[in-house]
Amino acid sequence: MLEVKDLHASANGREILKGVDLRVKAGEVHAIMGPNGSGKSTLAHVIAGRPGYEVTRGRVLYQGQDLLAMTPEARAREGVFLAFQYPVEIPGVSNVYFLKAALNAIRKHRGQSELDAMDFLSLVKEKAKLVDIDESLVKRAVNEGFSGGEKKRNEIFQMAILDPPLAVLDETDSGLDIDALRIVAGGVNQLRTPERAIVLVTHYQRLLDYIVPDVVHVLLDGRIVKSGDKELARELEARGYEWLEASAAP
Amino acid sequence: MSSDSITAQDIAAREYRAGFVTDIESETVPVGLSEDVIRLISGKKGEPEWLLEWRLKAYRHWLTMQEPTWANVHHPPIDYQAIAYYSAPKQKKDGPKSLADVDPKLLETYEKLGVPLHERAKLAGVAVDAVFDSVSVATTFRAKLEEVGVIFCSFSEAVQKHPELVRKWLGTVVPYTDNFFATLNSAVFTDGSFCYIPKGVRCPMELSTYFRINAANTGQFERTLIIAEEGAYVSYLEGCTAPIRDENQLHAAVVELVALDHAQIKYSTVQNWYPGDKEGKGGIYNFVTKRGKCLGRASKISWTQVETGSAITWKYPSCILQGDDSVGEFYSVALANNYQQADTGTKMIHIGKNTRSTIISKGISAGHGQNTYRGLVRIGKAADDSRNYSQCDSLLLGDQCGAHTFPYIEVLNSTAQMEHEASTSKIGEDQLFYFQQRGIAPEDAVSMIVNGFCKEVFKELPMEFAVEAQKLLGVSLEGSVG
Ligand SMILES: Nc1ncnc2c1ncn2[C@@H]1O[C@H](COP(=O)(O)OP(=O)(O)OP(=O)(O)O)[C@@H](O)[C@H]1O
Ligand SMILES: [Mg+2]
């Protein structure tokens, strides 16, 4: 599904990713952990095509296609979804209107007809239940005045509606209370299907208790320095990152 | 990653679809301004002596005035002697008697602009007065309007056929001494629309004037006068375009509205004068004085404007709330893209008791555009229990444009209730990327954001114009991202 090869990327002349390799197959859940500033969000952004980063080396393939050659919206329409660490507010544009435009753009790209208002609303109802999001939030302007936790929940709600083959969730667990974490994790688990690949960026073992990953990676100073199974996450929880730092040196 | 990068401030060429020139033989007076030129214009129109005198008084007053400098706009000095003050397409007689007499080239021009003048055509519910350079070339649906006593004709015709009405009301809202541009207009105005709704009549269709500047080096100075008698209602629409030309052209119009007891006037403008190219060359200087007087009690005047065009817009549609219980409203969307400068807003002058006003202003700036809201709310001594609500929102696309807000408030009566809200939001790359990440192209993202931002104003426009206005904003912002 996703293949990242020797990816180097910099922003404002500073190298942040220094050779990342990552292979995620359909049906798998990969967790990426690592200290603050190690480049986790940068990796997610480069995959999604956020402006401001320069890829100096390496490739990113998605379903065999060269992702880096595509516009961000083309990547999204092909099914790359990013749940943002810091979702932005869009004043004046309601969540439903926004999602309908997004879904129809994706459907159009797939050669499907636009969903009519009725079908769309029943989809919204169904998915709102999945992540237990309040219907009033759905009607409000995108993320405007949402609490931190509500924003995160809204990201998962959008993912549920758009049904992407590849989802990269950047610290979706941060800022969620215990109940919300359980609900969001439950939502993600329901979206865990053999066709879908999920990359979870997280700092906490707690999330991985709910969403058990197939593979855990440690990103340190722009490189994946260790990969393992779910036990690696426990080890990190107990020992921190210091013991890995030696292997991070070039 | 150049193919991916979206920079909101990277303003590419925008398309101006009304930019063609009509090749038509015109009669244009030589450039320059003098008493002789004014006599010439007045003579061509066969005006009565009192009107010529009024023009000359205005002209003499104008000579003593200075161009205002307080607006937040910048332009090279205007040479008023380099402008032609009258240009009219050549006609057999002195004005078309019916559509059959109108030059087919003119009909074609309006057709191309989406304003067919054939009565059976698209704008079925709307009567149109078409003003081409200095003169009105056609007014539609007149017979139907006459049935209910509504007078809707060109200003020149009103001077001939209804001189008593013109004389009674002309200059009562915007006196000839009002301001530099209004005074200039009073001296040299050439045509415009006149509209009179008799007592108790609800005008059965939308009235509209479509202004078109065609000739080069010509100023357009039209004058519109609308009178709604007691209990009357009218909804009036105004649209404007001009060809693409490298030189700046001056448009200095005056609009006067009078609403008597319980009368209502709804005046909507979709202004799309040529804004200049993306380097800021050319475009219309739109220096307009629009003012309505709620003379009668419980009368209401409502201005709605969507200003997308012009190199410079200097315009403050205002309401004088003289009658007790009268209501003034101002709903505005102003766009400044590329090097456009917009200094616009309103004045709400509360004189009568229990008068109310609402101001909703939405300023959009993109490229190097500078958008200024300038508004005055004055509550006079006798205006007991008056209320104003003002909301000024600015939207910035990119970071080389600017938004400025200058609210002036003068309250001389302690029972007044004033409420003012303001906000500034910015569509940055982060927002655009968020849309893109969900599959929505940046152009669509901008139009979704802009339409969301403007919806309070658009809902005040008559349906078909709201759709037009949305499209126009879309076109005007085309290429403002990516
Ligand atoms: N546009 C930019 N210009 C300069 N430096 C940047 C830019 N974007 C990111 N960085 C830097 O790159 C490093 C990696 O940032 P990134 O956001 O990817 O870290 P992260 O692993 O997601 O951290 P966190 O766990 O705190 O979210 C940080 O030091 C950050 O300051
Ligand atoms: Mg991060």
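**Reading rings and a metal site**

Reply: Start with burial: Phe155(B) and Phe189(B) are both buried (under 20% relative accessible area; exposed is over 50%, partly exposed in between; 1.4 Å probe, protein chains only). This is a predicted model: local features need pLDDT of at least 70, side-chain atom pairs count only at pLDDT 80 or more, and totals for chains, interfaces and linings use all residues. Residues are numbered from 1 along each chain as its sequence is written, chains are lettered from A and ligands numbered from 1 in the order written, and side-chain values use heavy atoms, without hydrogens and water.

Me: How are the rings of Phe181(B) and Trp314(B) arranged?

Reply: Rings of Phe, Tyr and Trp (its six-membered ring) pair if their centres lie within 6.5 Å; planes under 30 degrees apart are stacked, over 60 edge-to-face, the rest tilted. Here the centres are 5.2 Å apart and the planes at 70°, so Phe181(B) and Trp314(B) are edge-to-face.

Me: Is Phe181(B) buried or exposed?

Reply: Phe181(B) is buried, at 2% relative accessibility. Trp314(B) is buried too, at 6%. Both belong to a ring-pair cluster that includes Tyr59(B) and Trp62(B).

Me: Which residues coordinate the magnesium ion (ligand 2)?

Reply: Donors are N, O and S atoms within 2.8 Å of the metal (3.2 Å for Na, K and Ca); water is not among the atoms, so sites may look incomplete. Here Ser41(A) (OG) and Gln85(A) (OE1) coordinate the ion, at 2.0 to 2.2 Å. Both residues, Ser41(A) and Gln85(A), are buried.
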